[in-house]
Amino acid sequence: MVRQINPDDLDLAAFIQPGDRVVCGQLTAEPTTLTEALVDQADRIGRLEVFLGTTFSNTFAPDRAPALSFLSYGATGTNPRLAKAGRLAILPRHYGALNAAFATGEIRADVVLLQVAASSGGFNLGLANDYAALAARHARAVLVEVHADVPVTTGAFLPTDTTITAVIAARRAPIELQPGRIGAVEQSIAGHVAGLIADRSTLQIGIGSIPDAILSGLEGHRDLGFHSGVITDRVLDLIEQGVITNAYKSVDPGVTVTNTVCGTHRLNRHLHLNPEIAVLPAAHTHGIEVLSRQDNFLSINSAIEVDLTGQVNSEMAGGAAVGGVGGLVDFARGGVAARGGRAIIALPATARNGAASRIVHRTQRVTLAHSDVDVVVTEHGVADLRNVPLHARAERLIAIADPRFRDDLARQAGEGSYDA
(Lines give C-alpha, C1' and ligand atoms only; values in the text may rest on other atoms or scores of the structure.)
Protein backbone atom coordinates (compact mmCIF):
# COMPACT_ATOMS: atom_id res chain seq x y z
CA MET A 1 0.00 0.00 0.00
CA VAL A 2 1.46 3.36 -1.08
CA ARG A 3 1.67 5.81 1.81
CA GLN A 4 -0.15 9.14 1.40
CA ILE A 5 1.66 11.83 3.40
CA ASN A 6 0.72 15.41 4.19
CA PRO A 7 3.76 17.65 3.53
CA ASP A 8 3.53 18.99 7.09
CA ASP A 9 4.01 15.45 8.40
CA LEU A 10 6.84 14.44 6.06
CA ASP A 11 9.81 12.90 7.88
CA LEU A 12 12.42 11.96 5.31
CA ALA A 13 14.42 10.00 7.89
CA ALA A 14 11.77 7.28 7.51
CA PHE A 15 12.99 6.75 3.92
CA ILE A 16 16.54 8.10 3.68
CA GLN A 17 19.55 6.66 5.49
CA PRO A 18 22.97 8.20 6.15
CA GLY A 19 25.27 7.58 3.19
CA ASP A 20 22.44 7.36 0.66
CA ARG A 21 22.57 8.84 -2.80
CA VAL A 22 19.38 10.81 -3.45
CA VAL A 23 18.44 11.49 -7.09
CA CYS A 24 16.16 14.47 -7.70
CA GLY A 25 14.04 15.53 -10.65
CA GLN A 26 15.57 18.43 -12.58
CA LEU A 27 14.66 21.60 -14.48
CA THR A 28 10.95 22.51 -14.14
CA ALA A 29 10.33 18.96 -12.90
CA GLU A 30 12.20 19.54 -9.64
CA PRO A 31 9.87 18.33 -6.84
CA THR A 32 10.40 21.42 -4.72
CA THR A 33 8.29 20.28 -1.77
CA LEU A 34 10.53 17.22 -1.44
CA THR A 35 13.83 18.94 -2.23
CA GLU A 36 13.19 21.74 0.24
CA ALA A 37 12.32 19.15 2.89
CA LEU A 38 15.58 17.38 2.05
CA VAL A 39 17.59 20.54 2.59
CA ASP A 40 15.75 21.33 5.84
CA GLN A 41 16.12 17.82 7.28
CA ALA A 42 19.48 16.69 5.88
CA ASP A 43 21.62 17.63 8.86
CA ARG A 44 19.39 15.55 11.12
CA ILE A 45 19.57 12.54 8.79
CA GLY A 46 23.34 12.53 8.24
CA ARG A 47 25.80 12.72 5.35
CA LEU A 48 24.06 12.35 1.97
CA GLU A 49 24.98 12.72 -1.69
CA VAL A 50 22.46 14.39 -3.98
CA PHE A 51 22.54 13.83 -7.73
CA LEU A 52 21.35 16.99 -9.45
CA GLY A 53 20.57 17.76 -13.04
CA THR A 54 20.15 21.33 -14.26
CA THR A 55 18.47 23.38 -11.53
CA PHE A 56 16.40 26.53 -11.92
CA SER A 57 15.44 26.89 -8.25
CA ASN A 58 17.36 28.29 -5.28
CA THR A 59 16.71 25.19 -3.20
CA PHE A 60 20.28 23.95 -3.09
CA ALA A 61 22.06 27.14 -2.06
CA PRO A 62 25.78 26.83 -1.19
CA ASP A 63 25.25 28.03 2.39
CA ARG A 64 22.54 25.50 3.23
CA ALA A 65 22.61 21.90 4.51
CA PRO A 66 26.34 21.19 5.01
CA ALA A 67 25.52 17.47 5.40
CA LEU A 68 24.78 17.34 1.66
CA SER A 69 27.34 16.84 -1.07
CA PHE A 70 26.38 17.17 -4.72
CA LEU A 71 27.08 15.29 -7.93
CA SER A 72 25.84 16.42 -11.35
CA TYR A 73 26.40 16.03 -15.06
CA GLY A 74 27.19 19.75 -15.24
CA ALA A 75 27.36 23.12 -13.55
CA THR A 76 24.24 24.31 -15.35
CA GLY A 77 21.34 26.51 -14.27
CA THR A 78 22.02 27.62 -10.69
CA ASN A 79 24.58 24.85 -10.09
CA PRO A 80 27.67 27.01 -10.77
CA ARG A 81 27.19 28.47 -7.28
CA LEU A 82 27.69 25.02 -5.78
CA ALA A 83 30.72 24.43 -8.00
CA LYS A 84 32.29 27.74 -6.95
CA ALA A 85 31.76 26.81 -3.31
CA GLY A 86 33.54 23.48 -3.85
CA ARG A 87 30.39 21.47 -3.14
CA LEU A 88 29.67 20.08 -6.61
CA ALA A 89 31.46 17.16 -8.26
CA ILE A 90 31.01 16.83 -12.01
CA LEU A 91 30.31 13.52 -13.77
CA PRO A 92 31.38 14.15 -17.40
CA ARG A 93 29.09 11.84 -19.35
CA HIS A 94 27.04 12.38 -22.46
CA TYR A 95 23.39 12.85 -21.55
CA GLY A 96 22.30 9.78 -23.50
CA ALA A 97 24.91 7.60 -21.80
CA LEU A 98 23.98 9.03 -18.41
CA ASN A 99 20.37 7.99 -18.84
CA ALA A 100 21.42 4.52 -19.97
CA ALA A 101 23.61 4.11 -16.89
CA PHE A 102 20.73 4.98 -14.56
CA ALA A 103 18.42 2.68 -16.52
CA THR A 104 20.66 -0.32 -15.87
CA GLY A 105 21.54 0.61 -12.30
CA GLU A 106 25.19 1.17 -13.25
CA ILE A 107 24.88 4.53 -11.47
CA ARG A 108 23.51 3.90 -7.99
CA ALA A 109 20.32 5.55 -6.79
CA ASP A 110 19.13 4.75 -3.26
CA VAL A 111 16.26 7.20 -3.04
CA VAL A 112 14.54 9.08 -5.87
CA LEU A 113 12.42 12.23 -5.54
CA LEU A 114 10.04 12.94 -8.44
CA GLN A 115 7.36 15.40 -9.47
CA VAL A 116 4.40 13.70 -11.17
CA ALA A 117 0.84 14.17 -12.36
CA ALA A 118 -1.89 11.81 -11.17
CA SER A 119 -4.30 10.49 -13.80
CA SER A 120 -6.67 7.62 -14.38
CA GLY A 121 -3.83 5.90 -16.26
CA GLY A 122 -1.42 6.12 -13.33
CA PHE A 123 1.36 8.50 -12.42
CA ASN A 124 2.71 10.56 -15.30
CA LEU A 125 6.16 12.18 -15.36
CA GLY A 126 4.75 15.31 -16.98
CA LEU A 127 7.67 17.69 -17.51
CA ALA A 128 10.72 15.36 -17.68
CA ASN A 129 11.04 11.78 -18.89
CA ASP A 130 14.67 11.61 -17.90
CA TYR A 131 17.30 9.77 -15.86
CA ALA A 132 15.47 10.33 -12.56
CA ALA A 133 12.54 8.22 -13.76
CA LEU A 134 14.96 5.51 -14.89
CA ALA A 135 16.81 5.63 -11.57
CA ALA A 136 13.51 5.05 -9.77
CA ARG A 137 13.35 1.53 -11.22
CA HIS A 138 16.29 0.49 -9.04
CA ALA A 139 15.89 2.70 -5.95
CA ARG A 140 15.08 1.44 -2.48
CA ALA A 141 12.56 4.26 -2.00
CA VAL A 142 10.71 6.44 -4.51
CA LEU A 143 8.86 9.50 -3.22
CA VAL A 144 6.62 11.46 -5.57
CA GLU A 145 4.90 14.78 -5.15
CA VAL A 146 1.68 15.49 -7.03
CA HIS A 147 0.31 18.82 -8.23
CA ALA A 148 -2.70 19.50 -10.46
CA ASP A 149 -0.66 21.87 -12.65
CA VAL A 150 1.72 19.14 -13.78
CA PRO A 151 0.45 18.14 -17.24
CA VAL A 152 -0.23 14.56 -18.25
CA THR A 153 2.04 14.25 -21.27
CA THR A 154 2.11 11.71 -24.09
CA GLY A 155 4.78 9.03 -23.71
CA ALA A 156 5.67 9.94 -20.13
CA PHE A 157 3.82 7.51 -17.88
CA LEU A 158 5.97 6.17 -15.07
CA PRO A 159 7.37 2.74 -16.03
CA THR A 160 5.21 -0.07 -14.69
CA ASP A 161 8.17 -1.71 -12.94
CA THR A 162 8.58 1.35 -10.67
CA THR A 163 7.40 0.90 -7.08
CA ILE A 164 6.19 4.11 -5.41
CA THR A 165 6.95 4.29 -1.70
CA ALA A 166 5.03 7.45 -0.76
CA VAL A 167 2.92 10.19 -2.33
CA ILE A 168 3.08 13.78 -1.07
CA ALA A 169 0.85 16.70 -2.05
CA ALA A 170 3.00 19.47 -3.55
CA ARG A 171 2.96 22.83 -1.80
CA ARG A 172 3.40 24.82 -4.99
CA ALA A 173 3.01 24.61 -8.76
CA PRO A 174 5.89 23.55 -11.02
CA ILE A 175 8.78 25.92 -11.62
CA GLU A 176 8.30 28.11 -14.69
CA LEU A 177 11.03 29.23 -17.07
CA GLN A 178 10.36 32.48 -18.89
CA PRO A 179 11.68 33.04 -22.44
CA GLY A 180 15.17 34.55 -22.65
CA ARG A 181 15.83 38.22 -23.32
CA ILE A 182 16.85 38.85 -26.92
CA GLY A 183 19.33 41.60 -27.77
CA ALA A 184 21.05 42.79 -30.93
CA VAL A 185 23.81 40.16 -30.77
CA GLU A 186 21.32 37.33 -30.39
CA GLN A 187 19.26 38.68 -33.28
CA SER A 188 22.32 38.84 -35.52
CA ILE A 189 23.27 35.26 -34.69
CA ALA A 190 19.67 34.17 -35.29
CA GLY A 191 19.69 35.78 -38.72
CA HIS A 192 22.76 33.80 -39.78
CA VAL A 193 21.35 30.53 -38.40
CA ALA A 194 17.99 31.07 -40.10
CA GLY A 195 19.81 31.09 -43.42
CA LEU A 196 21.06 27.56 -42.70
CA ILE A 197 17.59 26.18 -41.99
CA ALA A 198 15.62 24.96 -44.98
CA ASP A 199 11.87 24.42 -44.92
CA ARG A 200 10.91 20.87 -43.83
CA SER A 201 14.02 20.54 -41.63
CA THR A 202 13.74 18.97 -38.19
CA LEU A 203 15.26 21.02 -35.37
CA GLN A 204 16.99 20.29 -32.08
CA ILE A 205 17.72 23.32 -29.94
CA GLY A 206 18.42 24.24 -26.32
CA ILE A 207 17.35 26.92 -23.86
CA GLY A 208 18.52 30.49 -23.39
CA SER A 209 18.61 33.79 -25.24
CA ILE A 210 20.36 32.52 -28.37
CA PRO A 211 18.04 29.52 -28.90
CA ASP A 212 15.04 31.76 -28.22
CA ALA A 213 16.28 34.32 -30.74
CA ILE A 214 16.81 31.62 -33.36
CA LEU A 215 13.32 30.22 -32.85
CA SER A 216 11.79 33.70 -32.91
CA GLY A 217 13.43 34.33 -36.27
CA LEU A 218 11.80 31.39 -38.02
CA GLU A 219 8.29 32.78 -38.52
CA GLY A 220 8.76 32.74 -42.28
CA HIS A 221 9.75 29.08 -42.46
CA ARG A 222 7.36 26.28 -43.34
CA ASP A 223 6.71 22.72 -42.23
CA LEU A 224 9.55 22.44 -39.74
CA GLY A 225 9.82 19.42 -37.49
CA PHE A 226 10.96 19.30 -33.88
CA HIS A 227 12.96 16.56 -32.11
CA SER A 228 14.92 17.81 -29.12
CA GLY A 229 15.94 17.36 -25.52
CA VAL A 230 13.89 20.35 -24.42
CA ILE A 231 10.80 22.28 -25.49
CA THR A 232 10.15 25.93 -24.58
CA ASP A 233 7.48 28.58 -25.05
CA ARG A 234 9.26 29.78 -28.21
CA VAL A 235 8.67 26.36 -29.74
CA LEU A 236 5.00 26.64 -28.83
CA ASP A 237 4.90 30.01 -30.64
CA LEU A 238 6.04 28.29 -33.84
CA ILE A 239 3.52 25.47 -33.39
CA GLU A 240 0.69 27.98 -32.99
CA GLN A 241 1.91 29.95 -36.03
CA GLY A 242 1.84 26.79 -38.15
CA VAL A 243 5.62 26.86 -38.70
CA ILE A 244 6.28 23.60 -36.83
CA THR A 245 3.98 20.95 -38.31
CA ASN A 246 6.24 17.87 -38.17
CA ALA A 247 4.63 16.85 -41.47
CA TYR A 248 7.89 15.85 -43.15
CA LYS A 249 9.73 14.13 -40.29
CA SER A 250 11.09 10.72 -41.26
CA VAL A 251 10.84 9.61 -37.60
CA ASP A 252 7.70 10.39 -35.55
CA PRO A 253 5.88 12.27 -38.34
CA GLY A 254 3.20 14.59 -37.04
CA VAL A 255 4.60 14.60 -33.51
CA THR A 256 6.73 17.16 -31.67
CA VAL A 257 9.25 15.17 -29.61
CA THR A 258 11.13 16.27 -26.48
CA ASN A 259 12.73 14.79 -23.36
CA THR A 260 12.02 17.68 -20.98
CA VAL A 261 9.73 20.73 -20.81
CA CYS A 262 11.15 24.13 -19.84
CA GLY A 263 8.51 26.80 -20.13
CA THR A 264 5.59 28.50 -18.49
CA HIS A 265 2.13 27.43 -17.42
CA ARG A 266 0.96 28.26 -20.95
CA LEU A 267 3.23 25.61 -22.45
CA ASN A 268 2.34 23.07 -19.76
CA ARG A 269 -1.38 23.46 -20.46
CA HIS A 270 -0.78 23.01 -24.18
CA LEU A 271 1.00 19.71 -23.53
CA HIS A 272 -1.72 18.33 -21.24
CA LEU A 273 -3.27 15.24 -22.87
CA ASN A 274 -1.95 16.43 -26.25
CA PRO A 275 -1.09 13.46 -28.53
CA GLU A 276 0.79 15.74 -30.92
CA ILE A 277 3.59 16.44 -28.40
CA ALA A 278 5.46 13.51 -26.81
CA VAL A 279 7.82 13.64 -23.82
CA LEU A 280 10.00 10.59 -24.47
CA PRO A 281 13.01 8.92 -22.81
CA ALA A 282 16.54 9.94 -23.80
CA ALA A 283 17.08 6.61 -25.52
CA HIS A 284 14.73 8.01 -28.18
CA THR A 285 15.40 11.75 -28.02
CA HIS A 286 19.21 11.49 -27.83
CA GLY A 287 19.88 8.08 -29.39
CA ILE A 288 22.16 8.10 -32.44
CA GLU A 289 20.13 5.28 -33.99
CA VAL A 290 17.07 7.53 -33.99
CA LEU A 291 18.82 10.79 -34.86
CA SER A 292 20.69 9.32 -37.81
CA ARG A 293 17.34 8.25 -39.34
CA GLN A 294 15.83 11.73 -38.97
CA ASP A 295 16.38 13.22 -42.44
CA ASN A 296 17.38 16.90 -42.58
CA PHE A 297 18.02 16.93 -38.83
CA LEU A 298 19.63 20.17 -37.65
CA SER A 299 21.33 20.18 -34.27
CA ILE A 300 21.66 23.75 -32.96
CA ASN A 301 23.60 24.30 -29.74
CA SER A 302 25.58 27.02 -28.03
CA ALA A 303 28.99 26.87 -26.36
CA ILE A 304 31.37 28.82 -24.17
CA GLU A 305 34.22 28.95 -26.67
CA VAL A 306 35.53 27.42 -29.90
CA ASP A 307 39.21 27.19 -30.76
CA LEU A 308 40.93 27.61 -34.11
CA THR A 309 40.85 23.88 -34.84
CA GLY A 310 37.10 23.72 -34.22
CA GLN A 311 37.23 22.16 -30.75
CA VAL A 312 34.22 23.20 -28.65
CA ASN A 313 34.17 23.90 -24.91
CA SER A 314 30.78 23.95 -23.18
CA GLU A 315 32.04 23.25 -19.65
CA MET A 316 34.59 25.79 -18.38
CA ALA A 317 35.03 29.57 -18.34
CA GLY A 318 37.88 31.34 -16.59
CA GLY A 319 38.95 28.06 -15.03
CA ALA A 320 35.55 27.55 -13.37
CA ALA A 321 32.84 25.00 -14.11
CA VAL A 322 29.89 26.82 -15.69
CA GLY A 323 28.36 24.27 -18.03
CA GLY A 324 28.41 20.60 -18.90
CA VAL A 325 28.63 17.95 -21.57
CA GLY A 326 24.86 17.45 -21.61
CA GLY A 327 23.39 16.40 -24.94
CA LEU A 328 25.81 18.42 -27.08
CA VAL A 329 27.82 15.46 -28.35
CA ASP A 330 24.74 13.23 -28.77
CA PHE A 331 22.98 15.78 -30.94
CA ALA A 332 26.01 17.05 -32.88
CA ARG A 333 26.91 13.52 -33.92
CA GLY A 334 23.27 12.92 -34.83
CA GLY A 335 23.22 16.02 -37.02
CA VAL A 336 26.34 14.96 -38.86
CA ALA A 337 25.08 11.36 -39.28
CA ALA A 338 21.60 12.26 -40.57
CA ARG A 339 20.94 12.49 -44.29
CA GLY A 340 20.86 16.20 -45.09
CA GLY A 341 21.67 16.98 -41.45
CA ARG A 342 23.89 19.67 -39.92
CA ALA A 343 25.46 20.30 -36.52
CA ILE A 344 25.50 24.02 -35.75
CA ILE A 345 27.33 25.71 -32.87
CA ALA A 346 26.03 29.26 -32.30
CA LEU A 347 27.70 31.60 -29.81
CA PRO A 348 28.47 35.30 -29.30
CA ALA A 349 31.90 36.34 -30.51
CA THR A 350 32.85 37.81 -27.12
CA ALA A 351 32.36 37.32 -23.39
CA ARG A 352 32.70 39.54 -20.31
CA ASN A 353 31.10 42.57 -22.00
CA GLY A 354 33.43 42.33 -24.96
CA ALA A 355 36.63 41.92 -22.96
CA ALA A 356 37.34 38.35 -24.08
CA SER A 357 37.03 36.49 -27.36
CA ARG A 358 35.00 33.28 -27.52
CA ILE A 359 36.97 32.26 -30.61
CA VAL A 360 40.25 31.26 -28.95
CA HIS A 361 43.60 29.75 -29.81
CA ARG A 362 43.02 26.71 -27.57
CA THR A 363 39.96 25.80 -25.50
CA GLN A 364 40.15 25.30 -21.73
CA ARG A 365 38.24 22.02 -22.06
CA VAL A 366 37.30 19.93 -25.10
CA THR A 367 33.63 18.93 -24.96
CA LEU A 368 33.10 18.36 -28.68
CA ALA A 369 36.07 17.19 -30.73
CA HIS A 370 37.07 19.01 -33.89
CA SER A 371 36.24 15.82 -35.79
CA ASP A 372 32.58 16.23 -34.79
CA VAL A 373 32.23 19.95 -35.57
CA ASP A 374 30.31 21.05 -38.64
CA VAL A 375 29.31 24.75 -38.62
CA VAL A 376 30.13 27.58 -36.20
CA VAL A 377 28.10 30.81 -36.15
CA THR A 378 28.66 34.15 -34.38
CA GLU A 379 27.07 37.54 -34.96
CA HIS A 380 29.88 38.15 -37.50
CA GLY A 381 29.03 35.27 -39.81
CA VAL A 382 29.15 31.56 -40.54
CA ALA A 383 32.22 29.30 -40.58
CA ASP A 384 31.46 26.10 -42.47
CA LEU A 385 34.12 23.60 -41.35
CA ARG A 386 32.93 20.57 -43.29
CA ASN A 387 35.75 18.89 -45.20
CA VAL A 388 38.06 21.80 -44.39
CA PRO A 389 41.69 21.14 -43.27
CA LEU A 390 42.86 22.55 -39.98
CA HIS A 391 44.84 25.55 -41.27
CA ALA A 392 41.86 26.68 -43.35
CA ARG A 393 39.54 26.17 -40.38
CA ALA A 394 41.60 28.69 -38.43
CA GLU A 395 41.16 31.25 -41.20
CA ARG A 396 37.38 30.75 -41.33
CA LEU A 397 36.99 30.96 -37.56
CA ILE A 398 39.13 34.09 -37.31
CA ALA A 399 36.84 35.68 -39.90
CA ILE A 400 33.82 35.30 -37.58
CA ALA A 401 35.66 36.42 -34.44
CA ASP A 402 35.18 39.93 -33.09
CA PRO A 403 37.34 42.27 -35.24
CA ARG A 404 39.23 43.49 -32.17
CA PHE A 405 40.71 40.01 -31.62
CA ARG A 406 41.38 38.89 -35.19
CA ASP A 407 44.96 40.14 -35.46
CA ASP A 408 45.99 38.45 -32.23
CA LEU A 409 44.27 35.21 -33.28
CA ALA A 410 46.00 35.35 -36.65
CA ARG A 411 49.35 35.82 -34.91
CA GLN A 412 48.67 32.84 -32.64
CA ALA A 413 47.60 30.78 -35.62
CA GLY A 414 50.83 31.70 -37.46
CA GLU A 415 52.92 30.59 -34.49
CA GLY A 416 51.23 27.18 -34.30
CA SER A 417 51.17 24.22 -36.64
CA TYR A 418 47.57 23.03 -36.94
CA ASP A 419 48.35 20.19 -39.29
CA ALA A 420 51.16 18.72 -37.19
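Which residue does the side chain of E415 meet in a salt bridge? The partner is R411, at 3.1 Å from N to O. By salt bridge I mean a side-chain nitrogen of Lys or Arg within 4 Å of a carboxyl oxygen of Asp or Glu.

First, the ground rules. This is a predicted model, where local features need pLDDT of at least 70, side-chain atom pairs count only at pLDDT 80 or more, and totals for chains, interfaces and linings use all residues. Residues are numbered from 1 along each chain as its sequence is written, and side-chain values use heavy atoms, with hydrogens and water left out.

Back to R411. E415 and R411 both sit in helix α13, four residues apart, about one turn of the helix. Helices here are DSSP runs (H or I, at least four residues), numbered from the N terminus. R411 also forms a salt bridge with D408, at 2.5 Å from N to O. That pair lies in helix α13 too, residues 403–415, with a spacing of three residues.

Now accessibility. E415 is exposed, at 61% relative accessible area. R411 is partly exposed at 42%. D408 is partly exposed at 37%. The cut-offs: buried is under 20%, exposed is over 50%, partly exposed is in between (1.4 Å probe, protein chains only).

Next, R266. Its salt bridge is with E240, the closest N and O atoms being 2.8 Å apart. R266 is in helix α8 (residues 265–271) and E240 in helix α7 (residues 233–240), so this pair ties together parts 26 residues apart in sequence. R266 is partly exposed, at 35% relative accessibility. A network of salt bridges links D233, D237, E240 and R266.

The total for the structure: 22 salt bridges.

Terms used:
Helix = DSSP H or I, 4+ residues; strand = E, 2+ residues; numbered from the N terminus.
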